[in-house]
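These are my notes from one sitting with the structure. I wrote down what I looked up and what I found.

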Amino acid sequence: MKGHGKCMCGLVALEVEYASSEVAACHCSMCRNWGGGPMLAIDCADSVKISDESSVTRYASSEWAERGFCSKCGTHLFYFLKPANQYHLPIGLLQTDNKFTFTHQIFIDEKPEYYEFKNETHNMTGAEVFAYFEAED
């Protein structure tokens, strides 16, 4: 499945191919600080084409990841997992008619008490997420 999106000012356009149709919520403190709430994202693996990379600021938010945003309007464009060369894009950024399913939540142990999703999902703590990725190496 393919999709596309652009930042609010239109300076940066993205073309993607989805690795799956599953949407995940990340409740880690960095995602909540970055976007004001959980990040609802879709895995696009390494299939992201960026129209104007010079207009994208990449912020190294950890040793293993970067967060990208438009240098002009600040739109959040992606979370990039460096070891896997894997992009996760905010699902709301993409214009699509595809059907997606909200399937899992990560860093559930960092989720504040003031919100709750009603969907039945697979939930992982931060420790479980790190253990999963260490096992992949």
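Which residue in β5 is the bridge partner of Val16? I found that Val48 takes that place in β5.

Before going on I noted the ground rules. This is a predicted model, in which local features need pLDDT of at least 70 and side-chain atom pairs count only at pLDDT 80 or more, while totals for chains, interfaces and linings use all residues. Residues are numbered from 1 along each chain as its sequence is written, and side-chain values use heavy atoms, with hydrogens and water left out.

**Entry 1: strand β2 and its partners**

I take strands as DSSP runs of E with at least two residues, numbered from the N terminus. Two strands count as paired if DSSP finds at least two bridges between them. Strand β2 and strand β5 (residues 48-50) run antiparallel and are joined by three bridges. On β1, I counted five bridges to β2, and these two strands also run antiparallel. Lys6 has Ala13 of β2 as its bridge partner. The two strands make a hairpin with six residues between them. In that turn I noted Gly10, which has a positive phi of about 85°.

I then looked at which way the β2 side chains point. For burial I use relative accessible area: buried is under 20%, exposed is over 50%, and partly exposed is in between (1.4 Å probe, protein chains only). The side chains of β2 alternate. Leu14 and Val16 point to one face and are buried.

**Entry 2: salt bridges**

I searched the whole structure for salt bridges, meaning a side-chain nitrogen of Lys or Arg within 4 Å of a carboxyl oxygen of Asp or Glu. The search gave four.

One of them joins Lys2 and Glu17, with the closest N and O atoms 3.9 Å apart. This pair links distant parts of the chain, with Lys2 in strand β1 (residues 2-6) and Glu17 in strand β2 (residues 13-17), 15 residues apart. Lys2 is exposed at 64% relative accessible area, and Glu17 is partly exposed at 39%.

Glu66 and Arg58 meet through their side chains at 2.8 Å, N to O. I get 17% relative accessible area for Glu66, so Glu66 is buried. Arg58 is partly exposed at 30%. Both residues belong to a network of salt bridges that also takes in Glu53.

Glu116 and Lys111 form a salt bridge too, the closest N and O atoms being 3.2 Å apart. Which of its two ends is buried? Lys111 is, with a relative accessible area of 14%. Glu116 is exposed at 64%.

**Entry 3: Lys111**

I stayed with Lys111 and placed it in the loop between β11 and β12 (122-124). Contact here means heavy atoms within 4.5 Å. Not counting residues up to four places away in sequence, Lys111 touches His27 and Glu116. I also logged that the Lys111 side chain reaches the backbone oxygen of Tyr115 at 2.8 Å. For such polar contacts the rule is a pair of N or O atoms within 3.5 Å; within protein, one must be able to donate a hydrogen and the other to accept it, and residues adjacent in sequence count only if both atoms are side-chain atoms.

**Entry 4: Phe102**

Phe102 is in strand β11 (residues 101-106), where I find it buried at 15% relative accessible area. What does Phe102 contact, leaving aside its neighbours within four places in sequence? The residues are Val23, Ala24, Ala25, Leu40, Phe117, Asn119, Glu120 and Thr121. For Asn119 I also looked up the separation from Phe102: 17 residues in sequence and 7.3 Å in space, C-alpha to C-alpha.

Ala45 has a phi near 50°. Its place is strand β4 (residues 39-45), and at 25% relative accessibility Ala45 is partly exposed.

Where is Asn85? I placed Asn85 in the loop between β8 (76-81) and β9 (86-90). Asn85 has a positive phi of about 50° and is partly exposed, with a relative accessible area of 39%.

Key. Helices (H or I, at least four residues) and strands (E, at least two) are DSSP runs, numbered from the N terminus.
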